[in-house]
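Hi there,

Here is the structure I promised to pass on. Have a look at it first, and my notes follow just below.

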Amino acid sequence: MKRTLLFYTLFFMACSVIMRLSGVLSKIIAARYISPYEYGLITLVTITLPNMFSYFTNFCLHDLLSHSKEGKEYLGFSLSYSLITSLSVTMLVFIFRERVFGFLNLPMNLWTSLFVAFTIPLISLSILTDLTGFFRGLKEYSLTSIIASLPAVLKLGLIIITIYILHFTDFLIILAIFAVSPFIALVIVLIRYPKPIFSSLRHAKLPSKKLLFFAASVFVVWLFGGLNQILNKIVISHDLGVVWQGYFDVSLTLVAILSFAFGAMGFISIPEATSAESKEELLFERGRLGDVIRGLFSFLILCTILLYFYSHQFIKLLFGHEYLAAADYVPILTIGYIFLFVQQFLAYINISFQDPKEYKSLIFATIICLV
């Protein structure tokens, strides 16, 4: 068990490196062949907006499915909810497209292409998120890591083929690549692993109140970091324009190196903490969850130091001189990850082991603070 947890943690981090590196390289290659304005359009429509609405289309279902004892029973319900809410969101955006595009300073003459580029990743990523939660709850850590990294790897492959082999650098072609990569990944997963997925779809069982509150509590704690970044992008696009949204996305892309440790912590904490073992065994026995988390935190500190002092050099090397304005905000973002790591790990452990009555008041206080 000791080797297994350490192996899967390192395997997840390796997949995270591949995923983040693929995403960064895709953005770097695209940024060098299109303008900052076009780069801002692509990242806003195919990444930022789908991620923002995924808080609604997935809600706490990923965390619910990650529960190692009961989560696997609710895949049918989760997929039904995600599909219905995703279609509802796209319908609302279509109906109010003029107001939405006007608010975000998006060009109306491209509304059809941008709307399709938003719809495809929203639906595909919502379903993929449920599937990764399902396999994570089954403790299929390797498979979960591969599925999570698949869209980014496919995106990089398509970008390299399109730009360097076929020599196509048109804005709409690059936009299409960013949009269809999650859909292709979803099709591959459904074809490759049909048995565990479709066998679980026979039942659309509603989760119990206790389990739903557990998942909602984990979801609310996780909201602090991700939702703040998404809302910042929306505000920047509205107040400063699409170009500055692109600069902010570049700074977040560089800071994504910290997510190797942060993501691995969240990946293993809930399934391990909801197993039958005691808190003392998980946190204090040699080679168990406590040791792994301390190693991840040390890695986080090292990366934070590097990004804090060399952000301008990294931005200039990777994206070019015209994106150098993004480097000014990297030190601020890196420091925040240190506090977020400690806060969320403690929250995951307490929520997993305590009775909901003991932390219910704190969760409601957290929701009020989010508002």
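Helix α2 (residues 36–57) packs against helix α4 (residues 75–95) at an angle of about 130 degrees, and their axes lie 9 Å apart. Helices here are DSSP runs of H or I with at least four residues, strands are runs of E with at least two, and both are numbered from the N terminus. Axes are lines fitted to C-alpha atoms, for helices over the stretch in contact, with angles running from 0 to 180 degrees between N-to-C directions.

Before going further, a word on where this comes from: it is a predicted model, in which local features need pLDDT of at least 70 and side-chain atom pairs count only at pLDDT 80 or more, while totals for chains, interfaces and linings use all residues. Residues are numbered from 1 along each chain as its sequence is written, and side-chain values use heavy atoms, with hydrogens and water left out.

Back to the pair: α2 and α4 are therefore oblique to each other (under 35 degrees counts as roughly parallel, over 145 as roughly antiparallel, 65 to 115 as roughly perpendicular, and the rest as oblique). On the α2 side, Phe 53, Phe 56 and Thr 57 meet Tyr 81, Ser 82, Thr 85, Ser 86, Val 89 and Val 93 of α4. By class, this contact has 5 nonpolar, 4 polar and no charged residues. Nonpolar covers Ala, Val, Leu, Ile, Met, Phe, Trp, Tyr, Cys and Pro, charged covers Asp, Glu, Lys and Arg, and the others, Gly among them, are polar.

Ser 86, in helix α4, is worth a click. Ser 86 is buried, with a relative accessible area of 1% (buried means under 20%, exposed over 50%, partly exposed in between, with a 1.4 Å probe and protein chains only). Leaving aside neighbours within four places in sequence, Ser 86 is in contact with Thr 57, Leu 122, Ile 123 and Ser 126, where contact means heavy atoms within 4.5 Å.

The second pair is helix α11 (residues 242–255) with helix α14 (residues 289–318), at an angle of about 115 degrees and with axes 11 Å apart. Here Val 250, Leu 254 and Val 255 from α11 meet Leu 307, Ser 311, Phe 314, Ile 315 and Leu 318 from α14. This contact has 7 nonpolar, 1 polar and no charged residues.

Leu 318 also touches Ile 28, a residue of helix α1 (residues 2–31).

Which residues have the most contacts inside the largest nonpolar core? They are Leu 106, Leu 131, Ile 174, Phe 319 and Tyr 323, in a core of 95 residues. Such a core is a set of buried Ala, Val, Leu, Ile, Met, Phe, Trp, Tyr and Cys residues joined through side-chain atoms within 4.5 Å. Beyond four places in sequence, Tyr 323 touches residues including Tyr 39, Tyr 247, Val 250 and Ile 315.

Phe 171 sits in helix α8 (residues 171–192) and is buried, with a relative accessible area of 10%. Not counting residues up to four places away, Phe 171 touches Glu 38, Leu 41, Ile 42 and Leu 110.

For the overall picture, the chain has 16 helices and 0 strands, and 52% of its 371 residues count as buried.

Best wishes
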